[in-house]
Amino acid sequence: MKHVFCIGELLIDFVAEKQGSDLSKADLFTKKAGGAPANVACAIAKLGGNSKFIGCVGKDPFGTYLLNVLKDNHVDISFAQRAKTFTTLAFVSLSEEGERDFVFSRGADKELKYDSSLKKSIKDNLLHLGAATALLGGDLEKAYGRYFFDALTQGAFISFDPNFRGDLWKEEEHIFIKKCQPFIEKADLGKFSLEEAQLLTGKNDLNECCDVLHEIGTKIITITLGNKGTLLSTPEIKKTIPSVSVTPVDTTGAGDAFIGCLLQQIAALKEAEEVFGNIDMLAEMVKNANKAGAITTTNYGAIPSLPTKSQLLAIE
Ligand code: ATP
(Lines give C-alpha, C1' and ligand atoms only; values in the text may rest on other atoms or scores of the structure.)
Protein backbone atom coordinates (compact mmCIF):
# COMPACT_ATOMS: atom_id res chain seq x y z
CA MET A 1 0.00 0.00 0.00
CA LYS A 2 1.35 3.42 -0.95
CA HIS A 3 1.54 6.44 1.34
CA VAL A 4 -0.51 9.58 0.83
CA PHE A 5 1.27 12.77 1.93
CA CYS A 6 -1.23 15.53 2.68
CA ILE A 7 0.11 19.07 2.79
CA GLY A 8 -1.61 22.23 4.04
CA GLU A 9 -3.31 23.61 7.10
CA LEU A 10 -4.27 22.06 10.43
CA LEU A 11 -6.16 24.48 12.65
CA ILE A 12 -8.68 24.90 15.42
CA ASP A 13 -12.28 25.40 14.37
CA PHE A 14 -14.26 27.06 17.16
CA VAL A 15 -17.76 26.08 16.11
CA ALA A 16 -20.72 28.13 17.40
CA GLU A 17 -22.88 25.83 19.51
CA LYS A 18 -26.20 27.25 18.37
CA GLN A 19 -26.77 26.23 14.77
CA GLY A 20 -28.32 28.96 12.64
CA SER A 21 -26.86 31.83 14.71
CA ASP A 22 -24.56 34.25 12.91
CA LEU A 23 -21.07 34.79 14.28
CA SER A 24 -21.82 38.26 15.61
CA LYS A 25 -24.44 36.77 17.93
CA ALA A 26 -22.89 33.42 18.86
CA ASP A 27 -21.53 33.28 22.42
CA LEU A 28 -20.64 29.61 22.98
CA PHE A 29 -18.12 27.78 20.83
CA THR A 30 -16.84 24.20 20.78
CA LYS A 31 -13.23 23.43 19.92
CA LYS A 32 -12.72 21.06 16.95
CA ALA A 33 -9.76 20.05 14.81
CA GLY A 34 -10.04 21.45 11.28
CA GLY A 35 -8.16 22.13 8.06
CA ALA A 36 -9.05 20.37 4.82
CA PRO A 37 -5.71 18.58 4.16
CA ALA A 38 -5.64 17.34 7.76
CA ASN A 39 -9.21 16.08 7.36
CA VAL A 40 -8.15 14.27 4.18
CA ALA A 41 -5.25 12.62 6.04
CA CYS A 42 -7.69 11.44 8.73
CA ALA A 43 -10.19 10.23 6.12
CA ILE A 44 -7.50 8.04 4.53
CA ALA A 45 -6.24 6.65 7.83
CA LYS A 46 -9.76 5.93 9.13
CA LEU A 47 -10.37 3.83 6.02
CA GLY A 48 -7.24 1.81 6.72
CA GLY A 49 -4.83 3.69 4.44
CA ASN A 50 -1.41 5.17 5.19
CA SER A 51 -1.41 8.95 5.41
CA LYS A 52 1.20 11.47 6.48
CA PHE A 53 0.42 15.06 7.36
CA ILE A 54 2.79 17.89 6.37
CA GLY A 55 1.87 21.13 8.12
CA CYS A 56 2.65 23.39 11.04
CA VAL A 57 0.93 24.15 14.36
CA GLY A 58 2.01 26.33 17.28
CA LYS A 59 3.98 25.24 20.33
CA ASP A 60 0.89 25.83 22.45
CA PRO A 61 -1.86 23.64 23.94
CA PHE A 62 -4.00 23.95 20.81
CA GLY A 63 -1.13 22.69 18.68
CA THR A 64 -0.69 19.76 21.06
CA TYR A 65 -4.41 19.02 20.86
CA LEU A 66 -4.39 19.06 17.05
CA LEU A 67 -1.43 16.72 16.71
CA ASN A 68 -3.02 14.37 19.25
CA VAL A 69 -6.21 14.25 17.16
CA LEU A 70 -4.17 13.24 14.10
CA LYS A 71 -2.25 10.64 16.11
CA ASP A 72 -5.47 9.23 17.58
CA ASN A 73 -6.73 8.83 14.02
CA HIS A 74 -3.54 6.95 13.02
CA VAL A 75 -2.14 9.69 10.79
CA ASP A 76 1.67 9.74 10.67
CA ILE A 77 2.78 13.15 12.00
CA SER A 78 6.53 12.71 11.64
CA PHE A 79 6.61 15.50 9.00
CA ALA A 80 4.44 17.89 11.04
CA GLN A 81 6.23 20.94 12.48
CA ARG A 82 5.69 23.28 15.42
CA ALA A 83 6.41 27.02 15.48
CA LYS A 84 6.52 29.74 18.16
CA THR A 85 3.65 31.49 16.35
CA PHE A 86 0.24 30.69 17.81
CA THR A 87 -1.84 27.91 16.22
CA THR A 88 -4.16 29.08 13.41
CA LEU A 89 -7.77 29.59 14.56
CA ALA A 90 -11.08 29.76 12.72
CA PHE A 91 -14.46 30.72 14.20
CA VAL A 92 -17.27 28.94 12.45
CA SER A 93 -21.06 29.03 12.47
CA LEU A 94 -23.33 26.57 10.74
CA SER A 95 -26.54 27.54 8.99
CA GLU A 96 -29.73 25.53 9.62
CA GLU A 97 -28.78 23.54 6.47
CA GLY A 98 -25.32 22.76 7.85
CA GLU A 99 -23.39 25.21 5.61
CA ARG A 100 -20.34 26.98 7.08
CA ASP A 101 -19.66 30.66 7.66
CA PHE A 102 -16.32 31.57 9.21
CA VAL A 103 -13.69 34.13 10.19
CA PHE A 104 -10.07 33.23 10.36
CA SER A 105 -7.03 34.23 12.40
CA ARG A 106 -3.94 33.01 10.60
CA GLY A 107 -1.05 31.76 12.71
CA ALA A 108 1.38 28.86 12.69
CA ASP A 109 0.14 27.13 9.52
CA LYS A 110 2.07 29.71 7.46
CA GLU A 111 5.35 28.83 9.20
CA LEU A 112 5.87 25.43 7.54
CA LYS A 113 9.49 25.08 6.39
CA TYR A 114 10.73 22.93 3.52
CA ASP A 115 12.30 19.67 4.72
CA SER A 116 14.53 18.10 2.07
CA SER A 117 14.41 14.69 3.76
CA LEU A 118 10.88 14.23 2.45
CA LYS A 119 12.02 14.06 -1.16
CA LYS A 120 13.14 10.43 -0.93
CA SER A 121 10.05 9.28 0.96
CA ILE A 122 7.65 10.75 -1.55
CA LYS A 123 9.08 8.70 -4.42
CA ASP A 124 6.33 6.67 -6.10
CA ASN A 125 3.83 7.64 -3.40
CA LEU A 126 0.96 10.15 -3.55
CA LEU A 127 0.92 13.87 -2.69
CA HIS A 128 -2.37 15.61 -1.92
CA LEU A 129 -2.18 19.41 -2.02
CA GLY A 130 -4.97 21.36 -0.33
CA ALA A 131 -4.76 25.05 -1.16
CA ALA A 132 -7.06 26.81 1.34
CA THR A 133 -4.25 28.69 3.11
CA ALA A 134 -1.15 27.44 1.26
CA LEU A 135 -1.40 30.01 -1.53
CA LEU A 136 -1.84 32.93 0.89
CA GLY A 137 1.91 33.43 1.29
CA GLY A 138 4.33 32.77 4.14
CA ASP A 139 6.92 30.02 4.34
CA LEU A 140 4.11 27.52 3.76
CA GLU A 141 3.64 28.73 0.18
CA LYS A 142 7.36 28.35 -0.54
CA ALA A 143 7.54 24.89 1.05
CA TYR A 144 4.37 23.87 -0.76
CA GLY A 145 5.91 24.75 -4.14
CA ARG A 146 9.10 22.85 -3.35
CA TYR A 147 7.29 19.72 -2.15
CA PHE A 148 5.16 19.89 -5.30
CA PHE A 149 8.33 20.05 -7.40
CA ASP A 150 9.88 17.14 -5.45
CA ALA A 151 6.74 15.07 -5.98
CA LEU A 152 6.84 15.75 -9.73
CA THR A 153 10.49 14.84 -10.07
CA GLN A 154 10.04 11.71 -7.93
CA GLY A 155 7.15 10.40 -9.99
CA ALA A 156 4.55 10.78 -7.24
CA PHE A 157 0.83 10.79 -8.05
CA ILE A 158 -0.40 14.40 -7.62
CA SER A 159 -3.82 15.26 -6.23
CA PHE A 160 -5.00 18.88 -5.98
CA ASP A 161 -7.97 20.47 -4.20
CA PRO A 162 -8.12 24.28 -4.54
CA ASN A 163 -10.25 24.56 -1.36
CA PHE A 164 -11.27 28.06 -2.41
CA ARG A 165 -12.47 30.22 0.49
CA GLY A 166 -13.94 33.46 -0.84
CA ASP A 167 -13.50 35.24 2.50
CA LEU A 168 -9.73 34.72 2.33
CA TRP A 169 -9.31 36.19 -1.16
CA LYS A 170 -12.01 38.90 -1.34
CA GLU A 171 -11.02 41.23 -4.26
CA GLU A 172 -8.03 39.08 -5.16
CA GLU A 173 -9.67 36.05 -6.70
CA HIS A 174 -7.63 36.59 -9.87
CA ILE A 175 -4.43 35.99 -7.86
CA PHE A 176 -5.85 32.75 -6.47
CA ILE A 177 -6.79 31.63 -9.99
CA LYS A 178 -3.29 32.40 -11.27
CA LYS A 179 -1.58 30.63 -8.37
CA CYS A 180 -3.65 27.49 -8.94
CA GLN A 181 -2.54 27.09 -12.57
CA PRO A 182 0.68 25.05 -12.06
CA PHE A 183 -1.19 22.59 -9.85
CA ILE A 184 -4.08 22.24 -12.30
CA GLU A 185 -1.51 21.72 -15.05
CA LYS A 186 0.30 18.86 -13.34
CA ALA A 187 -2.47 17.21 -11.29
CA ASP A 188 -3.18 13.56 -11.94
CA LEU A 189 -6.39 14.04 -9.96
CA GLY A 190 -8.26 17.27 -9.26
CA LYS A 191 -11.17 17.69 -6.86
CA PHE A 192 -13.29 20.75 -7.43
CA SER A 193 -16.61 22.01 -6.13
CA LEU A 194 -18.94 23.45 -8.77
CA GLU A 195 -18.09 26.99 -7.61
CA GLU A 196 -14.35 26.29 -7.84
CA ALA A 197 -14.59 24.72 -11.30
CA GLN A 198 -16.50 27.77 -12.56
CA LEU A 199 -14.16 30.25 -10.89
CA LEU A 200 -11.00 28.59 -12.17
CA THR A 201 -12.19 28.17 -15.76
CA GLY A 202 -14.47 31.18 -16.26
CA LYS A 203 -17.11 28.80 -17.67
CA ASN A 204 -20.61 28.14 -16.36
CA ASP A 205 -21.33 24.86 -18.02
CA LEU A 206 -19.95 21.85 -16.15
CA ASN A 207 -18.81 20.04 -19.28
CA GLU A 208 -16.99 23.12 -20.50
CA CYS A 209 -15.36 23.52 -17.06
CA CYS A 210 -13.98 19.98 -17.39
CA ASP A 211 -12.77 20.59 -20.94
CA VAL A 212 -10.81 23.66 -19.84
CA LEU A 213 -9.32 21.88 -16.80
CA HIS A 214 -8.26 18.95 -19.00
CA GLU A 215 -6.77 21.36 -21.53
CA ILE A 216 -4.68 22.96 -18.79
CA GLY A 217 -3.51 19.49 -17.80
CA THR A 218 -5.52 17.75 -15.06
CA LYS A 219 -5.94 14.10 -16.01
CA ILE A 220 -8.82 12.97 -13.80
CA ILE A 221 -11.38 15.56 -12.70
CA THR A 222 -13.99 15.14 -10.01
CA ILE A 223 -16.53 17.90 -9.49
CA THR A 224 -18.46 17.28 -6.29
CA LEU A 225 -22.13 18.27 -6.43
CA GLY A 226 -23.45 17.74 -2.87
CA ASN A 227 -26.51 15.45 -2.77
CA LYS A 228 -26.37 15.14 -6.58
CA GLY A 229 -23.14 13.14 -6.40
CA THR A 230 -20.03 13.75 -8.49
CA LEU A 231 -19.17 14.49 -12.08
CA LEU A 232 -16.22 12.30 -13.05
CA SER A 233 -14.33 13.42 -16.12
CA THR A 234 -11.34 12.09 -18.01
CA PRO A 235 -10.24 13.33 -21.45
CA GLU A 236 -12.22 10.39 -22.89
CA ILE A 237 -15.47 10.34 -20.91
CA LYS A 238 -17.74 12.29 -18.55
CA LYS A 239 -20.05 10.52 -16.15
CA THR A 240 -22.20 11.72 -13.24
CA ILE A 241 -22.03 9.22 -10.37
CA PRO A 242 -25.03 9.63 -8.03
CA SER A 243 -24.60 9.70 -4.27
CA VAL A 244 -26.64 7.84 -1.66
CA SER A 245 -29.62 9.37 0.13
CA VAL A 246 -28.93 10.72 3.64
CA THR A 247 -30.28 13.35 6.03
CA PRO A 248 -27.45 15.86 6.42
CA VAL A 249 -26.90 17.83 9.63
CA ASP A 250 -23.42 19.30 9.00
CA THR A 251 -21.74 19.27 5.58
CA THR A 252 -18.30 20.14 6.98
CA GLY A 253 -15.68 17.74 5.69
CA ALA A 254 -17.85 15.99 3.07
CA GLY A 255 -15.48 17.02 0.28
CA ASP A 256 -12.45 15.95 2.34
CA ALA A 257 -14.04 12.57 3.08
CA PHE A 258 -14.73 12.22 -0.64
CA ILE A 259 -11.19 12.91 -1.85
CA GLY A 260 -9.68 11.00 1.09
CA CYS A 261 -11.68 7.90 0.18
CA LEU A 262 -10.74 8.22 -3.48
CA LEU A 263 -7.04 8.59 -2.64
CA GLN A 264 -7.13 5.68 -0.19
CA GLN A 265 -8.42 3.43 -2.98
CA ILE A 266 -5.84 4.69 -5.48
CA ALA A 267 -3.04 4.19 -2.92
CA ALA A 268 -4.14 0.58 -2.49
CA LEU A 269 -3.42 -0.17 -6.18
CA LYS A 270 -0.08 -1.68 -7.12
CA GLU A 271 0.54 1.35 -9.36
CA ALA A 272 -1.52 4.53 -8.95
CA GLU A 273 -1.33 4.99 -12.75
CA GLU A 274 -3.66 1.98 -13.15
CA VAL A 275 -6.58 4.41 -12.73
CA PHE A 276 -5.80 6.22 -15.98
CA GLY A 277 -8.02 4.98 -18.76
CA ASN A 278 -9.89 2.54 -16.51
CA ILE A 279 -13.18 4.37 -16.29
CA ASP A 280 -15.13 1.47 -14.73
CA MET A 281 -12.68 1.16 -11.88
CA LEU A 282 -12.65 4.93 -11.40
CA ALA A 283 -16.45 5.10 -11.39
CA GLU A 284 -16.58 2.39 -8.71
CA MET A 285 -14.05 4.32 -6.63
CA VAL A 286 -16.05 7.54 -6.99
CA LYS A 287 -19.20 5.68 -5.95
CA ASN A 288 -17.46 4.67 -2.70
CA ALA A 289 -16.09 8.18 -2.24
CA ASN A 290 -19.62 9.60 -2.64
CA LYS A 291 -20.74 7.31 0.18
CA ALA A 292 -17.88 8.55 2.37
CA GLY A 293 -18.93 12.15 1.68
CA ALA A 294 -22.58 11.39 2.37
CA ILE A 295 -21.88 9.60 5.68
CA THR A 296 -19.77 12.57 6.85
CA THR A 297 -22.75 14.93 6.52
CA THR A 298 -24.88 12.88 8.90
CA ASN A 299 -22.95 13.89 12.04
CA TYR A 300 -21.47 17.06 13.50
CA GLY A 301 -17.81 17.99 12.99
CA ALA A 302 -15.52 16.76 10.22
CA ILE A 303 -13.03 14.28 11.70
CA PRO A 304 -15.37 12.41 14.09
CA SER A 305 -17.88 11.97 11.23
CA LEU A 306 -15.44 10.48 8.71
CA PRO A 307 -16.37 6.85 8.06
CA THR A 308 -14.40 3.74 8.89
CA LYS A 309 -14.15 0.94 6.34
CA SER A 310 -16.96 -1.04 8.00
CA GLN A 311 -19.28 2.01 8.05
CA LEU A 312 -18.61 2.50 4.37
CA LEU A 313 -19.26 -1.15 3.53
CA ALA A 314 -22.51 -1.09 5.52
CA ILE A 315 -24.06 1.43 3.09
CA GLU A 316 -25.72 0.06 -0.04
P1 ATP B 1 -16.63 20.83 1.48
O2 ATP B 1 -17.69 21.76 1.98
O3 ATP B 1 -16.19 19.82 2.50
O4 ATP B 1 -15.48 21.52 0.78
P5 ATP B 1 -17.49 20.03 -1.15
O6 ATP B 1 -18.37 21.16 -1.55
O7 ATP B 1 -16.19 19.91 -1.74
O8 ATP B 1 -17.39 19.94 0.43
P9 ATP B 1 -19.72 18.26 -1.40
O10 ATP B 1 -20.19 18.29 -2.79
O11 ATP B 1 -20.50 18.98 -0.36
O12 ATP B 1 -18.19 18.65 -1.39
O13 ATP B 1 -19.61 16.74 -0.89
C14 ATP B 1 -18.70 15.82 -1.41
C15 ATP B 1 -19.43 14.56 -1.84
O16 ATP B 1 -20.12 14.02 -0.70
C17 ATP B 1 -20.49 14.80 -2.90
O18 ATP B 1 -19.93 14.68 -4.20
C19 ATP B 1 -21.48 13.71 -2.60
O20 ATP B 1 -21.12 12.51 -3.21
C21 ATP B 1 -21.39 13.53 -1.09
N22 ATP B 1 -22.45 14.35 -0.43
C23 ATP B 1 -22.32 15.58 0.08
N24 ATP B 1 -23.49 16.03 0.58
C25 ATP B 1 -24.39 15.03 0.36
C26 ATP B 1 -25.79 14.87 0.64
N27 ATP B 1 -26.51 15.82 1.24
N28 ATP B 1 -26.37 13.70 0.27
C29 ATP B 1 -25.67 12.72 -0.34
N30 ATP B 1 -24.36 12.82 -0.62
C31 ATP B 1 -23.72 13.95 -0.28
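One term is needed at the outset: a helix here is a DSSP run, H or I, of at least four residues, and helices are numbered from the N terminus. Please also keep in mind that what you see is a predicted model.

With that term in hand, let us turn to helix H7, which covers residues 194–201. Directly after H7 comes Gly 202, and its phi is positive, near 75°. Within H7, the buried residues are Glu 196, Ala 197, Leu 199, Leu 200 and Thr 201.

Let me now step back to the whole chain. Its secondary structure amounts to 11 helices and 14 strands. The radius of gyration is 18 Å, close to the 20 Å that the globule rule gives for 316 residues, and the chain is therefore as compact as a globular protein of that length. Along the principal axes, the C-alpha trace spans about 50 × 45 × 40 Å. Of the 316 residues, 55% count as buried. As for contacts between residues at least 6 apart in sequence, 72% of them join residues at least 24 apart.

Why is H1 described as largely enclosed by the rest of the structure? The reason is burial: 10 of its 11 residues are buried, a residue being counted as such under 20% relative accessible area. The buried set runs from Ala 36 and Pro 37 through Ala 38, Asn 39, Val 40, Ala 41, Cys 42, Ala 43 and Ile 44 to Ala 45. Elements covering them include strands E1 (3–7), E3 (29–34), E4 (50–54) and E9 (126–130), as well as helices H2 (61–72) and H9 (254–267). Just after H1, Gly 48 adopts a positive phi of about 95°.

Helix H9 also takes part in a helix pair. In general, two packed helices are described by the angle between their axes and the distance between the axes. For H9 and helix H10, residues 279–296, the axes come within 7 Å and cross at roughly 145°. This crossing of H9 and H10 is right-handed. On the H9 side, the residues making the contact include Ala 254, Phe 258 and Ile 266, while those of H10 include Met 285, Val 286 and Asn 290. By class, the contact has 10 nonpolar, five polar and one charged residues.

Thr 230 lies in strand E13, residues 230–233. Is Thr 230 buried or exposed? Its relative accessible area is 1%, and Thr 230 is therefore buried. The Thr 230 side chain makes a polar contact of 2.6 Å with the side chain of Asn 290.

Finally, consider Glu 17, in the loop between strand E2 (11–16) and E3. With a relative accessible area of 53%, Glu 17 is exposed. Beyond its neighbours within four places in sequence, Glu 17 is in contact with Leu 28, Phe 29 and Thr 30. With Thr 30 there is a polar contact between side chains, at 2.8 Å. The C-alpha atoms of Glu 17 and Gly 49, 32 residues apart along the chain, are separated by 32 Å.

Key: Residues numbered from 1 in each chain as written. Predicted model: local features only at pLDDT ≥ 70, side-chain atom pairs only at ≥ 80, totals over all residues. Heavy atoms only, no water. Buried < 20%, exposed > 50% of the residue type's maximum accessible area, 1.4 Å probe, protein only. Helix = DSSP H or I, 4+ residues; strand = E, 2+ residues; numbered from the N terminus. Contact = heavy atoms within 4.5 Å. Polar contact = N/O pair within 3.5 Å; in protein donor to acceptor, adjacent residues only side chain to side chain. Axes fitted to C-alpha atoms, helices over the stretch in contact; angles between N-to-C directions. Left-handed = near helix turned anticlockwise from the far one by under 90°. Nonpolar A, V, L, I, M, F, W, Y, C, P; charged D, E, K, R; others polar. Rg over C-alpha atoms; globule rule 2.2 N^0.38 Å.
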